[in-house]
Amino acid sequence: MNSIEQSGRATQELVKGLWKENPTFIAVLGMCPTLAVTNSAINGLAMGLATTFVLVGSCFLVSVMRNMIPKQVRITTFIVIIATFVTAVDQLLEAGFPKIHKELGAFIALIVVNCIILGRQEAFSYKNPPWLSVMDALGMGLGFMCSLLTLGTIREILGSGSLFGITLFGDKFEPWVIMVLPPGGFLLLGFLLVFINWMKFGRLKTKKAQVENG
Amino acid sequence: MEDKSLQPEIAIDPDEPSSLTLIMTLGVAGFFSGLILVVSYFYTLPVIERNKEQSLQEAIYRVLPGCQKYEALILNSNNELVKPGTVSGGENKSSKRIFLGYNDKGSILGFAIPASEPGFADLITLLYGYEAQGKVIIGFEVLENKETPGLGDKIIKDKNFLANFRALSVEPLIEPAKPGKKNKPNQVETITGATISSKAVIRALQNSMTEWRQAIDGYVQKNQLTYNQNP
């Protein structure tokens with residue numbers, strides 16, 4: 001493989017997580033934090049960043065050590081590595097950003113069971129060299145972050161009438177409280193999934209039609 | 001003749017690593033993750049504690065309007081309030097503290113008292129300002145809570161609810177009242193949609209008052225005497 005091919009491959013691994021294999025909207029993984037912490041944009045962003053950090057760090061380590069980990073104990077080893085990063089993130093957030101840490105609460109610790117992370121290690125890092133794994137993890141993490149930010153932004157605007165804590169509308173605006181509650185999260189996620197699938201299948205249809213028409 | 005189909009078929013992988021290898025792998029992984037965690041814990045702990053102390057300090061100035069400086073007080077074994085460091089023997093780090101605030105002229109303003117109570121989800125930790133002579137609560141702030149966003153967490157931002165604590169009499173006892181039905185100085189209007197959370201706040205104040213009242217009254221009496229003798 002020459003270097004141009006290599007960087008092409010790396011870009012491909014990076015970009016696929018953003019849209020084509022987006023962990024939230026396409027793979028529908030990691031639903032628990034997606035629904036739970038996206039009641040405001042800043043929470044979604046912080047959760048996305050924390051998850052990306054854990055994802056990149058643990059995927060890199062797994063990939064570096066992939067030849068040393070016997071396959072019989074791989075999952076256990078992955079979990080140990082992930083848990084280490086999660087605990088470190090938990091402490092760093094509490095020290096650096098106590099406000100955000102307070103808001104996210106138990107969901108930081110729950111990153112450890114986020115199936116996006118274990119999924120990427122099982123499907124990718126355990127079989128690929130470190131630099132590709134980091135690209136893959138970064139792409140997936142950013143994809144996850146963008147999804148959370150989208151959900152958080154829409155829910156905060158509708159549910160609290162603000163964005164990143166800044167009030168957008170006057171006193172006349174009655175916030176849709178349901179949007180910051182769990183049902184609002186389910187509703188919005190459902191609508192977004194419908195929208196994304198509609199776009200995806202629409203594109204497939206036009207492609208098919210183009211092929212048929214020559 | 002033996003029927004071969006009855007024999008258990010155990011496929012033994014020739015490359016199967018020994019148990020020792022597996023244990024070693026996990027042991028090594030565990031060792032390194034432990035090492036990383038110890039390092040991160042030691043570096044973040046002082047910062048985390050400083051943050052908590054700082055947010056507590058800021059809250060003290062907010063719940064005691066006009067407060068310029070304060071000092072911490074703890075209980076000794078005779079249920080008297082004393083300055084930390086003056087207790088013989090029975091003092092430890094976990095002793096509950098309350099804070100005595102002074103105004104710019106150096107006279108006593110009131111006490112800032114931390115309290116906590118289980119709410120709808122997990123403990124609600126709060127700090128309130130208590131003016132001992134008038135026996136009223138003059139300020140209130142929730143320090144930590146995990147109440148439902150949008151409903152239970154109104155206890156930290158609902159203006160009508162917070163207005164209850166600007167002059168809340170603690171005599172004979174703090175009572176909950178339905179929204180809009182407050183007609184006594186010792187009543188707190190609960191929040192529609194956050195009844196459990198607002199009642200938890202009231203319970204926290206009741207219990208904390210029961211706990212500290214006697215000691216505070218004793219301390220104020222003692223200090224009032226010295227204050228009058230040396231004006």
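How many residues of chain A are in contact with chain B, and how many of chain B with chain A? Here 23 residues of chain A meet 20 residues of chain B, where "in contact" means that two C-beta atoms, placed from the backbone, lie within 7 Å. Before we dig in: this is a predicted model, so local features need pLDDT of at least 70 and side-chain atom pairs count only at pLDDT 80 or more, while totals for chains, interfaces and linings use all residues. Residues are numbered from 1 along each chain as its sequence is written, and chains are lettered from A and ligands numbered from 1 in the order in which they are written.

**Where the chains meet**

- On chain A, the elements that give two or more residues to the side touching chain B are α4 (74–96) and α5 (98–104). Helices (H or I, at least four residues) and strands (E, at least two) are DSSP runs, numbered from the N terminus.
- The largest share of that side comes from α4(A), with 11 residues.
- Sorted by class, the side of chain A that touches chain B has 12 nonpolar, nine polar and two charged residues. For this tally, Ala, Val, Leu, Ile, Met, Phe, Trp, Tyr, Cys and Pro are nonpolar, Asp, Glu, Lys and Arg are charged, and the others, Gly among them, are polar.

- Chain A has nine helices and two strands, and from the N terminus on they run α-α-α-α-α-α-α-α-β-β-α.
- Its C-alpha trace spans about 60 × 60 × 30 Å along the principal axes.
- Of the 214 residues in chain A, 38% are buried. A residue is buried if 20 or more other C-beta atoms lie within 10 Å of its own, exposed if 12 or fewer, and partly exposed in between, with C-beta atoms placed from the backbone.
- Take the contacts in chain A with a separation of 6 or more: 77% of them involve residues 24 or more positions apart.

**A closer look at α4(A)**

- This helix has 23 residues and reaches 33 Å from its first C-alpha to its last, close to the 33 Å expected at 1.5 Å a residue. The expected span is 1.5 Å times one less than the number of residues.
- Among the buried residues of α4(A) are F78(A), I81(A), F85(A), V89(A) and L93(A).
- What covers the buried residues of α4(A) includes α3 (41–64), α5, α6 (106–109) and α7 (115–125) of chain A, together with α1 of chain B.

- Chain B has three helices and nine strands, in the order α-β-β-β-β-β-β-α-β-β-β-α from the N terminus on.
- Buried residues make up 28% of its 231 residues.
- Seven strands of chain B form an open sheet in the order β2-β1-β3-β4-β5-β6-β7, with antiparallel pairing. Two strands pair if DSSP finds at least two bridges between them.
- The edges are β2 (81–82) and β7 (168–169) of chain B, each pairing on one side only.
- At one end, two bridges join β1(B) to β2(B), and L75(B) stands opposite L81(B).
- Strand β3(B) (residues 97–102) is joined to β4(B) (residues 108–118) by four bridges, with Y102(B) partnered by I108(B). Their hairpin has five residues between the strands, and G106(B) takes a positive phi near 85° there.
- β4(B) also pairs with β5(B) (residues 123–131), over eight bridges; E117(B) stands opposite I124(B). This hairpin has four residues between its strands, and D122(B) in the turn has a positive phi of about 65°.
- Lying across β1, β3, β4, β5 and β6 of chain B is α1(B), running at about 155° to β6(B). Axes are lines fitted to C-alpha atoms, for helices over the stretch in contact, and angles run from 0 to 180 degrees between N-to-C directions.

**The nonpolar cores**

- A nonpolar core is a set of buried Ala, Val, Leu, Ile, Met, Phe, Trp, Tyr and Cys residues joined through C-beta atoms within 7 Å.
- The largest one has 44 residues, and those with the most contacts inside it include F111(B), Y128(B) and L205(B).
- α3(B) gives the most to this core, with 10 residues.
- Not counting residues up to four places away in sequence, L205(B) touches A115(B), Y128(B), I137(B) and I174(B).
- A second, separate core of 39 residues includes L55(A), L142(A), F144(A) and L151(A).
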